Amino acid sequence: MFGATALNRRSYRSQAVAKAAFFLMTVALVIPVLIIVGTLVVKGGPAISWEFLFTPPTNNMTAGGILPALVGTIWLVVVALLASVPVGVAAALYLSEYAPDNILTRAINLAIINLAGVPSIVHALFGFGAFVLFFDMGASILAASLTLAVMTLPVVIVATRESLQAVPLAFREACWNMGATRWQTIRKVVLPNSISGILTGVILEVSRTAGETAPIMFTGAAAYVAFLPQGVFDQTMALSYHLYFIATQQTGVPEELTFGVALVLISIVLLMNAVSIGFRVYLRGLKKW
Amino acid sequence: MADGGRGDYAIETRGLNLWYGDFQALFDVDLGVKQGIITSMIGPSGCGKTTLLRTCNRIIERLGYVRTTGSVTVLGNDIFGDDVELVQVRKKIGMVFQRPNPLPISIRENVLFGFRLHEARLRKITAAEEHEVLESSLRQVLLWDTVKDRLDKPATGLSLEEQQKLCIARLLPVKPEVLLMDEPCSALDPAGTEAVEEMIWRLRGEYTILVVTHNMAQARRASDECVFMLLGRIIEHGRTEEVFLAPECQETADYIEGRYG
């Protein structure tokens with residue numbers, strides 16, 4: 001009476017096929033990541049040493065370390081963050097907590113999504129035109145960082161807005177009903193409960209900023225600078241651009257060195273992502289709703 | 001806001017109409033809620049009970065597309081007046097929601113949230129004073145003995161019943177006169193419902209309480225007066241036992257007997 005019918009068996013077969021197909025796709029997704037990271041570790045691993053990290057390149061960048069590029073990347077990321085985080089978080093707060101739902105707000109939201117879709121090379125040209133030439137910053141850390149900031153703003157805004165909107169409306173209502181203003185509500189309830197998401201967004205932005213090449217190419221990165229940057233108006237080396245340069249523009253660079261730079265770069269990005277995930281898990285554990 | 005003359009009514013609406021966009025939710029509502037008693041509002045879903053309740057402290061305006069005509073007078077003052085400060089309105093008229101919504105902070109911080117918000121900016125509050133406010137508020141809602149040893153634990157760890165009591169307790173430190181309750185027991189089990197009802201009953205006299213409920217039995221045993229609403233209009237308003245035992249309108253009788261709802 002309860003035995004399988006032919007129809008049952010047919011459903012099970014298609015169900016098994018579907019499951020296998022989805023599993024294979026998932027594996028296919030992981031394989032490239034493993035190959036990339038594996039190749040980098042195998043080929044670039046031997047190049048990594050304290051000396052590699054903390055000395056400048058020598059012999060036309062065919063030997064030596066990557067210190068100026070490493071320091072330059074840190075400069076670029078920090079200055080970009082200083083520019084984009086305040087603007088992005090403030091904009092997200094306005095859009096999420098204050099702005100009425102009207103045509104203007106929707107247009108702004110659309111603009112943010114579109115800004116996220118602009119190719120990075122277009123951002124590079126914009127940055128060159130706007131910051132380097134029009135604002136006369138020259139090719140400098142400042143111009144490059146501002147270009148990166150413009151490019152990553154949508155990420156910050158979207159991540160911040162999403163974590164703000166994840167705070168239940170009931171919390172806001174509770175505050176309003178006790179006579180709190182919007183700003184008091186934001187400061188005492190909304191921000192403390194969304195800070196984990198906001199920080200995660202910021203850290204993800206850092207990892208993206210660190211890896212970008214195109215936007216800094218015309219705006220502040222140099223193939224070789226003999227000294228470490230002293231201020232935001234200096235040109236600088238950067239890991240991503242350094243990698244591009246020694247891999248495609250320079251001859252006689254040992255393979256190990258190129259892969260070593262790539263390994264450092266990807267390590268920074270993965271480390272940042274890991275920090276971000278760990279942070280999120282930790283802060284989520286603190287939440288109690 | 002200047003204190004107007006206070007009649008018998010804590011809340012009085014005159015010719016109140018309300019629209020959500022093009023949809024009219026309230027029609028010519030004339031309601032007088034007497035001071036110091038518990039008034040319940042019953043009626044089928046979508047009849048405008050919650051809308052009317054939320055109009056009384058203007059929280060409804062947060063929706064943005066709401067339009068009203070007519071007047072609402074609370075404690076003798078027109079709450080739509082030009083010189084009305086929303087913060088003051090909300091202080092005097094506390095609101096309790098269907099689902100308990102304690103803030104994700106400690107029990108102590110929850111109770112003192114409004115107090116700190118409003119008092120701490122005017123003067124220095126001593127720890128002793130805070131403790132006194134905390135204890136008296138929690139005692140009023142019969143929660144003190146349960147939570148006195150874990151005041152610094154997260155409020156979200158309490159049971160729903162305790163959370164709802166806490167949500168009422170945290171309104172009290174800013175000295176409201178009217179408490180609006182939107183189905184305060186509907187998320188609770190029968191025992192919790194009874195406990196919260198009993199607690200609300202004890203607040204009677206000190207506060208004017210307007211409570212929306214779907215639970216006819218609750219309206220019957222825990223209110224002095226009862227308002228029956230249907231399709232955005234007030235159909236009947238009288239002493240609770242009269243509304244239940246001898247309703248004047250056929251619609252009220254049908255609803256109470258469970259013919260629709």
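Predicted model: local features only at pLDDT ≥ 70, side-chain atom pairs only at ≥ 80, totals over all residues.
Which strand and helices of chain B do the buried residues of H6(B) pack against?

Helix H6 of chain B covers residues 160–169. Nine of its ten residues are buried, so the helix is largely enclosed by the rest of the structure. What does buried mean here? A residue counts as buried if 20 or more other C-beta atoms lie within 10 Å of its own. The residues of H6(B) that pass this test are B:Glu161, B:Glu162, B:Gln163, B:Gln164, B:Lys165, B:Leu166, B:Cys167, B:Ile168 and B:Ala169. Now for the opening question: these buried residues pack against strand E6 (93–96) of chain B, along with helices H3 (107–119), H4 (127–140), H5 (144–147) and H7 (190–203) of chain B.

Strand E6 leads us on to a sheet. In chain B, six strands form an open sheet in the order E6-E7-E8-E3-E9-E10, and their pairing is mixed. E6 and strand E10 (233–239) stand at the edges with a single partner strand each, so one side of each has no neighbour in the sheet. From one strand to the next, the twist averages 15 degrees. As a general point, strands of a sheet pair through backbone hydrogen bonds, either parallel or antiparallel. You can look at one pair in this sheet: strand E3 (residues 38–42) and strand E8 (residues 208–212) of chain B run parallel and are joined by four bridges. Within this pair, B:Met41 stands opposite B:Val212 of E8(B).

Let us turn to chain A and a pair of helices. Two packed helices are described by the angle between their axes and the distance between the axes. For helix H3 (residues 67–98) and helix H8 (residues 182–211) of chain A, the axes come within 10 Å and cross at roughly 145 degrees. The crossing of H3(A) with H8(A) is right-handed. Among the residues that make this contact are A:Leu76, A:Val77 and A:Leu81 of H3(A), and A:Ile186, A:Val190 and A:Ile198 of H8(A). Sorted by class, the contact has 14 nonpolar, three polar and three charged residues.

Finally, where do the two chains meet? Their contact takes 17 residues from chain A and 22 residues from chain B. On the side of chain A that touches chain B, helix H7 (169–177) and H8 each supply at least two residues. H7(A) gives the largest share of that side, six residues. By class, this side of chain A has nine nonpolar, five polar and three charged residues.

Notes. Residues numbered from 1 in each chain as written. Chains lettered and ligands numbered in written order. Axes fitted to C-alpha atoms, helices over the stretch in contact; angles between N-to-C directions. Left-handed = near helix turned anticlockwise from the far one by under 90°. Contact = placed C-beta atoms within 7 Å. Nonpolar A, V, L, I, M, F, W, Y, C, P; charged D, E, K, R; others polar. Buried ≥ 20, exposed ≤ 12 C-beta atoms within 10 Å, placed from the backbone. Pairing = 2+ DSSP bridges.
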